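This briefing goes through selected features of the structure shown below. The points are grouped by topic.

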Amino acid sequence: MSNFPFLLLLLLLPLAGAILVTVIGRDPQSKDLAKKVAVGASLLELLLAILMWVSFKPTGPRLQFVTSFNWITAIGAKFSLGTDGIALVMLVLIALLVPIVMIASWNHNSLGDEINAPDSTDPQLAPSNDVARLFAWILVLEVCMVGVFAATDVFLFYIFFEIMLVPMYFIIGGYGASQRRAAAMKFFIYSLVGGLVMLASVIGLYVISKQDTGKPTFSWDALRQLDLSHTQQVWIFLGFFVAFAIKAPLVPFHTWLPKAGAEGPVGGSVLLLGILDKVGTFGFLRYCLPIAPWASQKLAPLVLVLAVIGIIYGAFQAIGADDIKRLVTYTSIAHFGFIVLGIFAFTTQAGTGAVLYMVNHGISTGMMFLVVGMVVARGGSRRVRDYGGIFLVAPLLAGFFVIAGMASLALPGTNSFVSEFLVLIGSYGTEPVFTIIATGGIVMSALYVLWLIQRTLHGPESPLVVARKKLFGDLSKRELWVLSPLVALILVFGVYPKPITDVIKPAVEATLHTDVGVKDPVPTVGAAAISDGGSK
Amino acid sequence: MSILAASVLQAPSIAYSSLSPILIILGAACIGVLVEAFVPAAARFPSQVGLSIVSIVASFIAVFAVRSHNGLTMAGAISIDSPALVSMGAILVFGLLATMLFADRSLDSAGSVFVAEAAMPVGSRSDRALLTSERVQTEVFPLSLFSIGGMMVFVAANNLLVMFIALEVLSLPLYLMAGLSRRKRLLSQEAALKYFLLGAFASGFFVYGLALIYGFAGSIELRAISTASRTITDHDSLLILGMALLLVGLLFKAGVAPFHSWSPDVYQGSPSPVAGFMAAATKFAAFIAILRLMYVAFSGVPGVWTPVISWIAIISMVVGALIGLAQTDLKRLLAYSSIAHAGFILVGVTANSVAGTAATLFYTFTYGLSAIGAFALLSIVRREDGEATNMDDWKGMGKRSPMIAAAMTVMMLSMTGVPLTAGFIGKLQSFTAASASGHVWLIVVALVLSAITAVYYLRVIVFMYFYDAQSDPATIVLPGTPTTSVIAITTFATVLLGVIPGPLLHLVEVASRFVA
């Protein structure tokens with residue numbers, strides 16, 4: 001089945017779904033039908049993605065399910081799709097999160113999207129009732145997300161990278177809280193700037209390929225085999241790096257994220273943090289390392305400094321955050337620090353851990369954000385201090401909150417533990433100093449998660465919770481359907497990550513050994529034993 | 001001496017067939033003047049529209065018919081080469097779209113967006129009478145035909161004198177057309193006067209430059225200038241001064257900063273269809289003339305002019321991007337946007353290669369399409385006193401009129417340079433050409449500035465979708481078929497050329513070699 005055009009179908013299915021939903025959703029009477037169609041399309045997509053996973057051969061060729069059409073022959077751009085193990089797991093994650101996000105955002109007030117930030121004096125914007133349109137935008141976004149991870153032509157990748165901003169812009173700007181317009185604008189401009197800087201690198205690569213081979217190309221496979229001089233590598237690396245660092249986001253390129261994450265709708269934020277930001281870390285692995293291997297290694301200390309700063313900074317900000325949505329956003333900045341640390345440590349173990357982290361972070365932070373949204377929708381406030389004693393009124397909700405929190409602080413037994421551990425173990429051999437500092441971040445993550453849980457869930461019921469006791473009814477059936485699969489995945493992958501690591505490892509090895517040309521350090525006996533326990 | 005011998009005039013051989021596209025348009029323009037004078041008032045409008053459209057289509061067919069022609073005519077004064085023919089085709093497309101907008105009768109209650117007596121002093125009794133009159137004049141049609149004809153000669157001019165005459169032929173009607181707005185007369189007259197005065201200055205510069213170059217090269221033929229610029233080494237100051245003055249004249253027409261100060265006022269005061277025509281066709285013609293001058297006459301001495309053009313490109317991008325940020329009027333916003341785009345186009349011009357020609361052709365054409373489309377969209381939103389172009393008037397457009405908002409969004413995204421729109425491919429081509437010629441730092445600047453321009457384009461989208469409409473919203477007129485078709489065509493083309501740019505890219509690549 002390795003020639004079956006899964007990727008093309010993964011692109012076309014949500015596109016068709018989006019068109020259908022828009023058409024049906026035009027009639028105010030059939031909004032509900034439109035929403036059901038959207039969820040149906042996204043579930044079909046999930047089924048397709050799972051089938052693709054099953055037919056993927058981890059030991060097979062590096063890029064599988066390859067589809068390629070001539071597109072703009074004048075500039076040598078092709079419409080080429082293909083996936084390796086890294087992209088594959090991200091594609092499945094996309095297909096998994098989209099239906100969950102849709103079901104979670106079923107009603108306009110399901111996740112408290114319209115609630116303003118604490119201390120905001122803005123009048124509350126009327127929530128948009130047109131959820132069907134939100135679903136259509138999410139499907140469009142799904143097309144773009146699939147395209148970004150599946151593209152094997154740098155030009156095509158750039159197209160999806162940029163066009164992805166448009167649906168996200170409308171999702172944030174149309175469905176968030178009072179500052180959503182500014183947030184949407186900030187998000188778009190930051191990403192666009194990054195994209196344009198990357199465009200400079202893409203153009204540079206294109207021009208070099210024209211001069212070197214006489215035949216200009218954008219094909220990733222051809223470009224990574226170009227023999228670039230060191231200066232060229234540095235510039236091209238920097239161009240890509242800025243774009244991906246803004247996406248990922250690394251401190252100091254992160255300033256757009258707290259606003260977009262906190263002011264946008266929760267559903268959008270789950271996709272933003274869960275998928276869109278991973279384009280950055282994915283980009284490091286897919287483009288920076290293979291195309292500019294020398295520069296990647298030379299500049300790695302710089303990147304690692306930023307990563308470690310991100311871990312510490314994100315944790316401190318999260319500890320100090322008063323706005324519960326903002327808090328979750330900052331925890332993500334810390335998590336992204338770990339992922340980047342794993343990538344730029346240049347060992348298979350750390351790299352595998354980083355990619356696994358990308359998946360696990362999507363699941364656990366996605367769940368965290370959804371639970372927080374459910375709490376905010378009930379309490380009508382985003383201020384952490386307003387809450388207290390939720391265990392007493394909504395034990396089930398509080399229980400799920402605790403599980404999400406534990407996954408977020410990487411408690412052993414949850415999925416995040418495996419990935420965080422792999423990253424730290426794998427990085428220690430090559431980057432001991434950075435790894436030790438990063439380990440300090442774990443302690444802080446325990447602090448912000450446990451403190452958050454203590455303040456909101458335990459203790460006596462806060463005045464707000466008492467006043468809105470009726471609204472605080474426990475999880476509805478729909479909400480259970482949203483959260484249960486995530487909990488299941490957190491626990492299953494916590495004890496048995498092998499299905500994912502089996503797919504990821506060959507791809508990471510290919511990147512590090514073939515493209516970059518590094519050899520894994522001989523691990524110390526103890527570390528090898530532990531990692532075998534963790535990953536095998 | 002030889003003066004006597006030369007004074008026996010030889011009639012130059014003229015290849016009439018290859019000139020037929022130009023002759024058709026200029027002939028139709030003359031007939032249009034007669035129609036204005038002799039045809040009864042009731043029949044004037046349909047006959048003018050018919051004449052314009054038929055002649056433009058006929059001229060387009062003529063361009064197609066002579067497509068294989070690739071040489072000089074009129075004793076070397078005009079070069080009908082492939083860039084010229086492609087440019088003529090593009091100008092005719094813009095002309096057709098603009099004429100369709102001119103012909104729309106449903107926008108203004110009086111049946112035309114053009115005033116009946118443009119020369120009437122504003123505020124006088126007869127001017128007040130005009131406000132309520134339903135009288136319609138149709139002189140805009142022959143005027144625009146003359147202008148189109150001038151542009152077609154402009155892009156084919158192979159000597160400086162012809163270029164100058166064409167410049168005047170295309171400009172004089174535009175000065176008048178800027179003053180033809182039916183509503184907001186004062187702004188419109190101001191626009192016309194400003195455009196005329198500054199335009200006259202710019203022409204003066206051009207003539208002065210022409211004279212200096214003649215002094216330098218002893219000829220006004222582009223090829224002779226090219227030869228002279230390569231061989232004569234001791235009169236650099238004449239060459240540089242002359243080239244600079246010629247450039248001032250051309251850059252003025254192209255609306256490039258620092259010679260841009262007319263364009264916001266003129267765009268704001270002119271009727272939107274005219275502003276669209278200027279932003280698309282005039283800019284296109286001016287850039288092709290710049291290309292021809294630089295790539296033919298001065299191609300051998302790139303060291304003299306590419307740094308200058310690079311800096312002017314930067315100035316233009318900075319002015320367009322930064323001052324554009326402060327605009328609240330959409331027409332002025334589009335004017336600054338066009339200044340910024342002129343800078344981006346110039347980035348491609350610095351390449352001094354066939355890739356530069358191809359990129360400039362592609363960029364100016366696609367930009368022109370979205371500019372005409374955007375101005376057509378602006379003309380739809382109106383109040384009692386004409387177009388309502390304040391940004392606030394567009395608030396809530398997403399709910400009030402989803403189709404218009406969607407079309408405007410496409411235009412804005414294309415001008416931003418978001419992929420899958422024509423604007424992106426244009427920028428890509430232009431920057432690739434410049435980078436292949438070694439101007440890497442220039443494209444980095446250009447990319448950063450194009451991110452800044454994104455702010456104001458996005459703000460329009462924010463206003464349309466994320467705000468509620470004002471309490472006294474401007475009326476959204478139901479546009480007539482011509483305007484609707486123009487909007488549909490330009491929107492569709494903007495997306496199509498972004499998704500499948502191949503055929504057009506191929507065309508401009510084939511047509512990127514000048515003949516002199």
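The notes that follow cover the chain contact, helices, a sheet and some backbone details.

The model is predicted. Chain A and chain B touch through 26 residues from chain A and 23 residues from chain B. Two of the backbone details are cis peptide bonds, one joining Val251(A) and Pro252(A), the other Ala257(B) and Pro258(B).

- On the side of chain A that touches chain B, helix H5 (154-163), helix H6 (165-175) and helix H7 (180-213) of chain A are the elements that give two or more residues.
- H7(A) contributes the most to that side, with 14 residues.
- Sorted by class, the side of chain A that touches chain B holds 20 nonpolar, four polar and two charged residues.

**Packing of H15(A) and H17(A)**

- Two packed helices are described by the angle between their axes and the distance between the axes.
- For helix H15 (residues 348-379) and helix H17 (residues 395-408) of chain A, the axes come within 9 Å and cross at roughly 145 degrees.
- The crossing of H15(A) and H17(A) is left-handed.
- H15(A) brings Ser364(A), Thr365(A), Met367(A), Met368(A), Val371(A), Met374(A) and Val375(A) to the contact.
- From H17(A), the residues met are Leu397(A), Phe400(A), Phe401(A), Ala404(A), Gly405(A), Ala407(A) and Ser408(A).
- Of the residues in the contact of H15(A) with H17(A), 10 are nonpolar, four are polar and none is charged.

**Helix H4 of chain A**

- Helix H4 of chain A runs over residues 131-150 and has 20 residues.
- From its first C-alpha to its last, H4(A) reaches 28 Å, close to the 28 Å expected at 1.5 Å a residue.
- H4(A) is mostly covered, with 20 of its 20 residues buried.

**Sheet in chain B**

- Chain B has an open sheet of three strands in the order E4-E3-E5, with antiparallel pairing.
- Strand E4 (386-387) and strand E5 (475-476) of chain B are at the edges and have a single partner strand each, so one side of each has no neighbour in the sheet.
- Strand E3 (residues 381-383) of chain B pairs with E5(B) in the antiparallel sense, over two bridges.
- Opposite Arg382(B) stands Thr475(B) in E5(B).

**Backbone details**

- Most residues other than glycine have a negative phi, and most peptide bonds are trans.
- In chain A, omega of the cis bond between Val251(A) and Pro252(A) is about 5 degrees; Pro252(A) is in the loop between helix H9 (230-247) and helix H10 (256-263) of chain A.
- In chain B, the cis bond between Ala257(B) and Pro258(B) has an omega of about 5 degrees; Pro258(B) is in the loop between helix H10 (236-254) and helix H11 (262-269) of chain B.
- Ala410(A) is not a glycine, but its phi is positive, near 65 degrees. Ala410(A) is placed in the loop between H17 and helix H18 (415-428) of chain A.
- Ala410(A) counts as buried because it has 26 C-beta neighbours inside 10 Å, and the cut-off for buried is 20 or more.
- Leu420(B), also not a glycine, has a positive phi of about 70 degrees. Leu420(B) lies in the loop between helix H17 (402-416) and helix H18 (422-436) of chain B.
- With 19 other C-beta atoms within 10 Å, Leu420(B) is partly exposed.

Note on methods: Residues are numbered from 1 along each chain as its sequence is written. Chains are lettered from A and ligands numbered from 1 in the order in which they are written. This is a predicted model: local features need pLDDT of at least 70, side-chain atom pairs count only at pLDDT 80 or more; totals for chains, interfaces and linings use all residues. Two residues are in contact if their C-beta atoms, placed from the backbone, lie within 7 Å. Helices (H or I, at least four residues) and strands (E, at least two) are DSSP runs, numbered from the N terminus. Ala, Val, Leu, Ile, Met, Phe, Trp, Tyr, Cys and Pro count as nonpolar, Asp, Glu, Lys and Arg as charged, and the others, Gly among them, as polar. Axes are lines fitted to C-alpha atoms, for helices over the stretch in contact, and angles run from 0 to 180 degrees between N-to-C directions. A crossing is left-handed if the near helix is turned anticlockwise from the far one by less than a right angle, and right-handed if clockwise. Two strands pair if DSSP finds at least two bridges between them. A residue is buried if 20 or more other C-beta atoms lie within 10 Å of its own, exposed if 12 or fewer, and partly exposed in between; C-beta atoms are placed from the backbone. The expected span of a helix is 1.5 Å times one less than its number of residues.
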